[in-house]
Amino acid sequence: MRASRLFGYQQLHEGAVLITRQCRTVRVVRGKEQVSQLLSALKNGDAQAVLAGYANGTRATTSPAR
């Protein structure tokens, strides 16, 4: 059984990243540094956890929670 994907993202032509939850926009990340951090976190971590952190305003850290 495949895990459902609650969050998604799309990089826009102006460089911003659109974060969606169930196909609805929840946040737009702008700025070179912020976008770079988000894309790096997506590449290196669990995409759903990273997107949830950005959508909720609490960015996921690189160290595991204890």
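Student: Let's start with helix H2: what covers its buried residues?

Tutor: First, two terms. Helices (H or I, at least four residues) and strands (E, at least two) are DSSP runs, numbered from the N terminus. Contact, which is how I read cover and touching, means heavy atoms within 4.5 Å. Here, the cover over the buried residues of H2 includes strand S1 (7-11), S2, S3 and H1.

Student: And which residues of H2 are buried?

Tutor: Buried means under 20% relative accessible area, exposed means over 50%, and partly exposed lies in between (1.4 Å probe, protein chains only). In H2, the buried ones are Gln48, Val50, Leu51, Ala52, Gly53 and Tyr54.

Student: How far can I trust what I see?

Tutor: Keep in mind that this is a predicted model: local features need pLDDT of at least 70, side-chain atom pairs count only at pLDDT 80 or more, and totals for chains, interfaces and linings use all residues. Residues are numbered from 1 along each chain as its sequence is written, and side-chain values use heavy atoms, with hydrogens and water left out.

Student: Why does Gln48 count as buried?

Tutor: Gln48 counts as buried because its relative accessibility is 18%. This residue is in helix H2. Leaving out residues up to four places away in sequence, Gln48 touches Arg5, Leu6 and Phe7.

Student: What does the side chain of Gln48 reach?

Tutor: A polar contact is a pair of N or O atoms within 3.5 Å; within protein, one must be able to donate a hydrogen and the other to accept it, and residues adjacent in sequence count only if both atoms are side-chain atoms. In this model, the Gln48 side chain reaches the backbone nitrogen of Leu6 at 3.1 Å.

Student: Which residues make up the largest nonpolar core?

Tutor: A nonpolar core is a set of buried Ala, Val, Leu, Ile, Met, Phe, Trp, Tyr and Cys residues joined through side-chain atoms within 4.5 Å. The largest one here has eleven residues: Phe7, Val17, Ile19, Val29, Val35, Leu38, Leu42, Val50, Leu51, Ala52 and Tyr54. Strand S2 (17-21), helix H1 (32-44) and helix H2 (47-56) each give at least two residues to this core. H2 has the largest share, with four residues.

Student: What is Tyr54 in contact with?

Tutor: Skip its neighbours within four places in sequence, and the list is Ile19, Arg27, Val29, Gln34, Gln37, Leu38 and Arg59. Now look from the side of Gln34, a residue of helix H1. With the neighbours within four places set aside, Gln34 is in contact with Val29, Tyr54 and Arg59. Gln34 is partly exposed, because its relative accessible area is 30%.

Student: Now the sheet. In what order do the strands come?

Tutor: Strands of a sheet pair through backbone hydrogen bonds, either parallel or antiparallel. To count as paired, two strands need at least two bridges found between them by DSSP. Here three strands form an open sheet in the order S1-S2-S3, with antiparallel pairing. S1 and S3 are the edge strands, each pairing on one side only. From one strand to the next, the twist averages 25 degrees.

Student: How many bridges join S1 to S2?

Tutor: Five, and the two strands run antiparallel. Phe7, for instance, has Arg21 in S2 as its bridge partner. S2 and S3 (residues 24-29) also pair in the antiparallel sense, over five bridges. There, Leu18 has Val28 in S3 as its bridge partner. These two strands form a hairpin with two residues between them, and Gln22 in the turn has a positive phi of about 50 degrees.

Student: How does H2 lie against the strands?

Tutor: Axes are lines fitted to C-alpha atoms, for helices over the stretch in contact, and angles run from 0 to 180 degrees between N-to-C directions. H2 lies across S1, S2 and S3, at about 80 degrees to S1. Just after H2, Gly57 has a positive phi of about 85 degrees.

Student: What pattern does the protein follow along the sequence?

Tutor: The pattern reads β-β-β-α-α, from three strands and two helices. Of its 66 residues, 24% count as buried.
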